[in-house]
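Please have the display open while I go through the chain.

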Amino acid sequence: MIYPDLFRKSWDRALKRLGLPAYNPHDLRHKWATVTLSNGVPIHEVSRWMGHSSIKITVDRYGHLTPDGSERCRQVIEATFGVHMLSGFPAPRVPGAELVPA
């Protein structure tokens, strides 16, 4: 390449002219992942769109942005057993449930 910093200098000049804070093009990638995951896009989709070779890379870097696992578990349990709990009828017996301390 004849002018190795041409892109970077052009980028920096454009940001300065626009009055934007200094950041690099890779920051846009992080911002995109953050916004999509924080708004409920499944992590496996974001991983694929970002081109990660493994979903583990995405989870390690952005996993904290996904909906909380315990909250998701609560939603599933409520959706499954909520009708029984609210109706006054006993919830269906789940094998092995008596082994779990209350």
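Predicted model: local features only at pLDDT ≥ 70, side-chain atom pairs only at ≥ 80, totals over all residues.

Let me begin with a question: which residues does Leu28 touch, not counting residues up to four places away in sequence? They are Trp11 and Tyr23, where contact means heavy atoms within 4.5 Å. Leu28 is found in helix H2. Because its relative accessibility is 44%, Leu28 counts as partly exposed. For that scale, buried means under 20% relative accessible area, exposed means over 50%, and partly exposed lies in between, with a 1.4 Å probe and protein chains only.

Residues are numbered from 1 along each chain as its sequence is written, and side-chain values use heavy atoms, with hydrogens and water left out.

Confidence comes next. The mean pLDDT of the chain is 80, and 76% of its residues reach 70 or more; pLDDT is the predictor's confidence in each residue, from 0 to 100. Among the elements, helix H3, residues 43-50, has the highest mean pLDDT, 93, and helix H5, residues 69-87, has the lowest, 69.

As for the overall architecture, the chain has five helices and zero strands, in the order α-α-α-α-α from the N terminus on. These elements are DSSP runs numbered from the N terminus, with helices (H or I) of at least four residues and strands (E) of at least two. Of the 102 residues, 14% count as buried. Among contacts between residues at least 6 apart in sequence, 18% join residues at least 24 apart. The chain exposes about 8400 Å², and carbon and sulfur atoms supply 64% of that area. Accessible areas come from the Shrake-Rupley method with a 1.4 Å probe, and for residues only the protein chains shown count as cover.

The largest nonpolar core has six residues: Ala33, Leu37, Ile43, Val46, Met50 and Tyr62. Helix H2 (25-38) and H3 each supply at least two residues of this core, and H3 gives the most, with three. A nonpolar core here is a set of buried Ala, Val, Leu, Ile, Met, Phe, Trp, Tyr and Cys residues joined through side-chain atoms within 4.5 Å. Not counting residues up to four places away in sequence, Met50 touches Arg29, Trp32, Ala33 and Tyr62.

Next, the charged pairs. How many salt bridges does the count come to? The count comes to four, a salt bridge being a side-chain nitrogen of Lys or Arg within 4 Å of a carboxyl oxygen of Asp or Glu. One of them joins Lys9 and Asp5, with the closest N and O atoms 3.7 Å apart. Lys9 is exposed, at 51% relative accessible area, whereas Asp5 is partly exposed, at 38%.

Another salt bridge links the side chains of Arg8 and Asp12, at 3.2 Å from N to O. Because Arg8 and Asp12 are four residues apart in helix H1, about one helical turn separates them. Both ends are partly exposed: Arg8 has 37% relative accessibility, and Asp12 has 36%.

A further pair is Asp60 and Lys56, whose closest N and O atoms are 2.7 Å apart. Asp60 and Lys56 lie four residues apart in helix H4 (residues 55-62), about one turn of the helix, and both are exposed.

Finally, the surface. Ile2, Tyr3 and Leu6 make a nonpolar surface patch of about 390 Å². Patches are made of residues with over 30% relative accessible area and no salt bridge, like charges being joined within 9 Å and nonpolar side chains (Val, Leu, Ile, Met, Phe, Trp, Tyr) within 5 Å. Tyr3 lies in the segment before helix H1 (6-18), and at 57% relative accessibility Tyr3 counts as exposed.
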